[in-house]
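These are my notebook entries on a structure that I had not examined before. I set down what I looked up, one topic at a time.

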Amino acid sequence: MLHKNNITKMVFPSISSFSFLFILAFFLLLTLYTTLHRPTTTATPSNKLHQNDRPHSLHYQNIFLSSASNYTLATYLRHLTLQPHLAGTPPSLQTTLYVKSHFEALGLETHVSNHTVLLSYPSFSSLTAHFSNGSSLDLPLSEPGFSGVVKAYHAYSPSGSALGQPVFLNYGREQDYIALRGLGVQFKGCIGIVRRGAGLSRNAAVEKAAAHGVAAVLMYTEGEKFAGVERGTVMKGLGDPLSPGWWAGVQGGERLRLNDPQLNERFPAIPSMPVSADTAEIILSSMEGAPLPQEWRENLKSNKIGRVGPGPVLLNFTYLGEKKMETIHNIFAVIRGSEEPDRFIILGNHRDAWTYGAVDPNSGTSALLEVGRRFALLMRLGWSPRRTIVFGSWDAEEFGMIGSTEWVEKNLVSLGSKAVAYLNVDCAVQGPGFFAGATPQLDDLLFEVTKKVKDPDSENISIFETCKVTNRAINIQRLSGVDSDFAPFLQHAGVPSIDLYYGRDFPVYHTAFDSYDWMVNFGDPLFQRHVAVSGVWGLLALRLADDPILPFNYLSYVAQLQEYRNALSNFLEGDISLNPITLAIQDFKAAADEIAEQVKKLSEDERMDEFSVLKKRMLNDRLMFAERGFLDAEGLQGLRWFKHLFYSMQIYGPQIDGGSELNFFPGVVGAISRNTGMNKGERQEAIQHEVWRVARAIERAACALKGSLT
């Protein structure tokens, strides 16, 4: 028997060597084979059902798993990536119609929500290097050989020109500027060369450069695709910049003026532009000046860079962009719950892409359509979920989670009172290895589901078992960033959330090489990883939609909070008391223990009378609403839109400078970083206030778990 890697080499030596029809035929045969040979479950055999499972629910879960199709996933991705589809452009509308028509063809209740928002596009850019020997070179700013792909640019960068010597700023952190000053390097008025990484957002890197007097920024990403150019946004925060904190309607609604001072806080003060690693190396390898610090040298992938500048090469840089009002389109498909139609499980993925978007985001869009297809099959077989399932296809995520943010702002009250969980998949398949992020009460559910889904890179064992065999637990990250559409749901609305993906740090991120060809040749040749992500995503939704008692475990949250508290204790000065947080966690633990015991008792109660159903409903409300307790009406200082006091770290505080490893309690960590100019007493008071805010948030969550007024 041929191993699947050998099959891949035979069938896909080069995607251009075979017709697409032949590829589809191959997938059809492969799907037939895998369907016939797929076991009904890959979990370790057990004679004990989960306490919340009903026999018919398990039956439909098995049908869901056995109806997976590599062929349909490949077909969806091929259609979605036929052309680049940047938000607000005509090709993007074509993907909108494709997704909408697919859901309609499945017989699902489908509708579109439109928003007119401010987007940003390039109109002209140029970069010329003038070398010390008198020669000059017009440097390429986009990948060669791709038609219809938008020029490489940073969305919302201000237009501008700069003529100056380049200086290498490493990652552009505060510590990098300190290192340059120590070498006697003058960077004011220069054009900064920044490499992406170290947890710094594009906005933070450019803002930091502007604060240090740098005239403009060229940003590059190291990686295997050295000619690739990583596009992205440099806007600070989420959502439509003209409607901060409220949702943008189609027309006639309240909007800020383009010259409103609030916009100055969202957009950088100096122009910036992405360049390829090849272009960056041409500049950096010709520079003189002080030698690279040893720490920088150890982390550089290129051995041709030895000096930080400035110059003697001279750069002439120009970028002209325009901001335009465009209508974006969120698409929804709904499966109404039969018993609790007012409780929502939301599955979301964004649809827009900087270029072709095979990985980012349409591997996730393909998985969303596949889960919808399989749920429609279950409905034809008689299944209906207990709670309502909503599929959301977001637009304009790449500009700053605009589509999802506007929708969350519009539906904030309903989400606060009715949303059970938000399940996000963005870049579903980037390569090998299963990764997940989640709020802690969903950890156990993730473990259970991964025991039932076959690992695509192993032989006949589950994702969970693969991790066990390789002596590593599934590493569930916390959702402490703002890098996908879970951010508005969790950090503004307080909805428990999960983010799923296979592989990470893929080399064609936001470049023209993120195409169907790359996916078939490198990312997932047989689309088995797509099958795995779809399986986990769908089973999570089935459990959350069908379990009589929501599968939330807040004892996991207790453990996480205690870990946060201990890490903060090691970080803080001795004069700051963490006793408020310690006592609040104790109260939260008591509430979590109490509700866990009640969950156990009610799970054993098989009565279906009206009173028993009502008791489970009331218990579920407590489980669902506890996450909302971690929100604070004041939000984070300087970033009031971000209400969650445990997450949002990557846009706040020391994480911006790479100067802290604390990625939680952003208000506390922000106070530590922000108040260094105060005297000792004032600084301690500011930090202590944030500690009290965290403690009060934990107490609010504990009250929600208890379910009674105190």
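I looked up W407 and found a relative accessibility of 12%, so W407 counts as buried (buried means under 20% relative accessible area, exposed over 50%, partly exposed in between, with a 1.4 Å probe and protein chains only). W394, at 0% relative accessibility, counts as buried. The model is a predicted one: local features need pLDDT of at least 70, side-chain atom pairs count only at pLDDT 80 or more, and totals for chains, interfaces and linings use all residues. Residues are numbered from 1 along each chain as its sequence is written, and side-chain values use heavy atoms, with hydrogens and water left out.

**Aromatic pairs**

I searched the whole structure and noted 38 aromatic pairs. For a pair, the ring centres of Phe, Tyr or Trp (its six-membered ring) lie within 6.5 Å; planes under 30 degrees apart count as stacked, over 60 as edge-to-face and the rest as tilted. W394 and W407 form a tilted pair, 5.4 Å centre to centre with 50° between the planes. W394 belongs to strand β12 (residues 387-394) and W407 to helix α12 (residues 402-410), so this pair ties together parts that are 13 residues apart in sequence. Helices (H or I, at least four residues) and strands (E, at least two) are DSSP runs, numbered from the N terminus.

I then examined Y564 and F664, which form a stacked pair at 4.3 Å centre to centre and 5° between the planes. This pair links distant parts of the chain, 100 residues apart: Y564 is in helix α19 (residues 554-571), and F664 is in the loop between α21 (610-625) and α22 (666-674). Both Y564 and F664 are buried. I also listed one aromatic cluster, with Y564, F588 and F664 among its members.

**Nonpolar cores**

I recorded 143 residues in the largest nonpolar core, where F375, F391 and F588 have the most contacts. Helix α18 (residues 528-546) gives the most to this core, with 11 residues. A core here is a set of buried Ala, Val, Leu, Ile, Met, Phe, Trp, Tyr and Cys residues joined through side-chain atoms within 4.5 Å. A second, separate core has 67 residues, including L200 and I402.

Which residues does F375 contact, leaving aside neighbours within four places in sequence? I noted F64, I335, W383, I389, F391, G538, A541 and L542, where contact means heavy atoms within 4.5 Å.

**Cysteines**

I found zero disulfides (cysteine sulfur atoms within 2.5 Å). C190 is buried at 8% relative accessible area, and C427 is buried at 10%.
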